[in-house]
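Here is a short briefing on one protein chain. Look at the sequence and the 3D view first, then read on.

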Amino acid sequence: MEQVGLDLDRSIGYQLKRAHAALRAAMDAALRRHGLTTPQYACLELLDQRPGLSNAELARGAFVTRQSMNVVLRNLQDAGLVERPRAAPHGRALPATLTETGGARLLAARADVLDVERLMVRDLDPARTDLLVDALTGMAAALGESEPPAG
């Protein structure tokens, strides 16, 4: 039997991965000017929206492992952008919050990240952008929003 190959030009999964790789490269370049990595930026955004998240919650939100988030948080703390108590107020989780410096760094970086996103969707009108967001949300839900990648 003759096997038919996957048409990568029409494969949604392949095109999503391509778009993700391009977005990550553009974000890395934009964030480098602010002394941040993409996971660090994601962590700052999450803490701005929901102060006090634990390491595990931040890891899930930033799509990294808990071990990776430990490193991200340590680096952000060392840079004075995030603070956590020395002892857990209850349980074992150490809730993280942005410092004033972290909030200022986030605002500056956010402007560049929004520029990257605007560039990415520049050929889409608002209605198509809404459709795309809804479709991507549905795709993630259909796949069960799997756990973050290892590493």
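Where does Ala-79 lie? Ala-79 lies in the loop between α4 and β1 (82–83). This is a predicted model: local features need pLDDT of at least 70, side-chain atom pairs count only at pLDDT 80 or more, and totals for chains, interfaces and linings use all residues. Residues are numbered from 1 along each chain as its sequence is written, and side-chain values use heavy atoms, with hydrogens and water left out.

**Overall layout**

- The chain has six helices and two strands. Helices (H or I, at least four residues) and strands (E, at least two) are DSSP runs, numbered from the N terminus.
- Along the sequence, the pattern reads α-α-α-α-β-β-α-α.
- The chain has 151 residues, and 25% of them count as buried. Buried means under 20% relative accessible area, exposed means over 50%, and partly exposed lies in between (1.4 Å probe, protein chains only).
- Take the contacts between residues at least 6 apart in sequence: 53% of them join residues at least 24 apart. Contact means heavy atoms within 4.5 Å.

**The largest nonpolar core**

- The largest nonpolar core holds 26 residues. Such a core is a set of buried Ala, Val, Leu, Ile, Met, Phe, Trp, Tyr and Cys residues joined through side-chain atoms within 4.5 Å.
- Cys-43, Leu-44, Leu-47, Leu-58, Met-69, Leu-76 and Val-82 touch the most other members.
- At least two residues of this core come from each of α1 (12–32), α2 (38–49), α3 (55–62), α4 (66–78) and α5.
- Helix α2 gives the most to this core, with five residues.
- What does Leu-58 touch, not counting residues up to four places away in sequence? Its partners are Cys-43, Leu-46, Leu-47, Leu-53, Met-69, Leu-73 and Ala-96.

**How α2 meets α3**

- Two packed helices are described by the angle between their axes and the distance between the axes.
- For α2 and α3, the angle is about 115° and the axes are 9 Å apart. Axes are lines fitted to C-alpha atoms, for helices over the stretch in contact, and angles run from 0 to 180 degrees between N-to-C directions.
- On the α2 side, Ala-42, Cys-43, Leu-46 and Leu-47 make the contact. On the α3 side, Leu-58, Gly-61 and Ala-62 do.

- Gln-40 lies in helix α2. Gln-40 counts as buried because its relative accessible area is 10%.
- The Gln-40 side chain reaches the backbone nitrogen of Thr-37 at 2.9 Å.
- Leaving aside neighbours within four places in sequence, Gln-40 is in contact with Gly-35, Val-72, Asn-75 and Leu-76.
- Glu-45 is also placed in helix α2. Why is Glu-45 buried? Its relative accessible area is 13%, so Glu-45 counts as buried.
- Leaving aside neighbours within four places in sequence, Glu-45 is in contact with Leu-106 and Arg-110.

**Phe-63, a loop residue**

- Phe-63 is found in the loop between α3 and α4.
- Phe-63 counts as exposed because its relative accessibility is 59%.
- Most residues other than glycine have a negative phi. The phi of Phe-63 is near 60°, a positive value in a residue other than glycine.

**Partly exposed residues**

- Ala-79 counts as partly exposed, at 44% relative accessibility. Ala-79 and Gly-102 are 23 residues apart in sequence and 8.7 Å apart in space, C-alpha to C-alpha.
- Arg-74 is in helix α4. With a relative accessible area of 47%, Arg-74 is partly exposed. Arg-74 and Arg-84 are 10 residues apart in sequence and 9.8 Å apart in space, C-alpha to C-alpha.
- Asp-115 is in helix α5 (residues 100–120). Asp-115 counts as partly exposed, at 41% relative accessibility.
- The side chains of Asp-115 and Arg-118 are joined by a polar contact of 2.7 Å. A polar contact is a pair of N or O atoms within 3.5 Å; within protein, one must be able to donate a hydrogen and the other to accept it, and residues adjacent in sequence count only if both atoms are side-chain atoms.
- Asp-115 and Ala-30 are 85 residues apart in sequence and 9.1 Å apart in space, C-alpha to C-alpha.
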